[in-house]
Amino acid sequence: MDAALSEVTVDSTLVLLTVEEAARRLRVGRTTCFALIRTGALESLLIGGLRRVPVDAPAAYVARLRTEQRAA
């Protein structure tokens, strides 16, 4: 499968993303994504020992950023 196509194809049944998947959606690195989680800017959950990001959290983060930058 073409890499570009696999980026576009999204499983609509997912409710949680790995940190790496969330980072890809935000087009940032894994370290940056963990920093956003650590500061509380990006919502995440701990399930057992696994860190997961709700599927709607990256879009919510971007929406907050846009609102903040418009107000500035």
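**Ser44 and its surroundings**

Modeller: The side chains of Ser44 and Arg51 are joined by a polar contact of 3.0 Å, a term that stands for a pair of N or O atoms within 3.5 Å, where within protein one atom must be able to donate a hydrogen and the other to accept it, and residues adjacent in sequence count only if both atoms are side-chain atoms. This is a predicted model, in which local features need pLDDT of at least 70 and side-chain atom pairs count only at pLDDT 80 or more, while totals for chains, interfaces and linings use all residues. Residues are numbered from 1 along each chain as its sequence is written, and side-chain values use heavy atoms, with hydrogens and water left out.

Ser44 sits in the loop between helix H3 (30-39) and strand E2 (45-47); helices (H or I, at least four residues) and strands (E, at least two) are DSSP runs numbered from the N terminus. Ser44 counts as buried because its relative accessible area is 18%, given that buried means under 20%, exposed over 50% and partly exposed in between, with a 1.4 Å probe and protein chains only. Once residues up to four places away in sequence are set aside, Ser44 touches Ile37, Arg51, Arg52, Val53 and Pro54, where contact means heavy atoms within 4.5 Å.

Two of these neighbours, Ile37 and Val53, also belong to the largest nonpolar core. A nonpolar core is a set of buried Ala, Val, Leu, Ile, Met, Phe, Trp, Tyr and Cys residues joined through side-chain atoms within 4.5 Å, and this one has twelve residues in all, among them Leu17, Leu42 and Tyr61. Helix H2 (19-26), H3 and helix H4 (57-71) are the elements that give two or more residues to this core, and H2 gives the most, with four. In soluble globular proteins, nonpolar side chains tend to be buried together.

The axes of H2 and H3 come within 9 Å and cross at roughly 100°, the axes being lines fitted to C-alpha atoms over the stretch in contact, with angles from 0 to 180 degrees between N-to-C directions. H2 is therefore roughly perpendicular to H3, a label that covers angles of 65 to 115 degrees, whereas those under 35 count as roughly parallel, those over 145 as roughly antiparallel and the rest as oblique. Across this pair, Val19, Glu20, Ala22, Ala23 and Leu26 in H2 meet Arg30, Cys33, Phe34, Leu36 and Ile37 in H3. Ala23, leaving aside its neighbours within four places in sequence, is in contact with Val28, Gly29, Arg30 and Cys33.

Leu65 in H4 counts as partly exposed because its relative accessibility is 29%, and 9.5 Å separates its C-alpha atom from that of Ala41.

As for the whole, the protein has four helices and three strands, running α-β-α-α-β-β-α from the N terminus on. Of its 72 residues, 21% count as buried.
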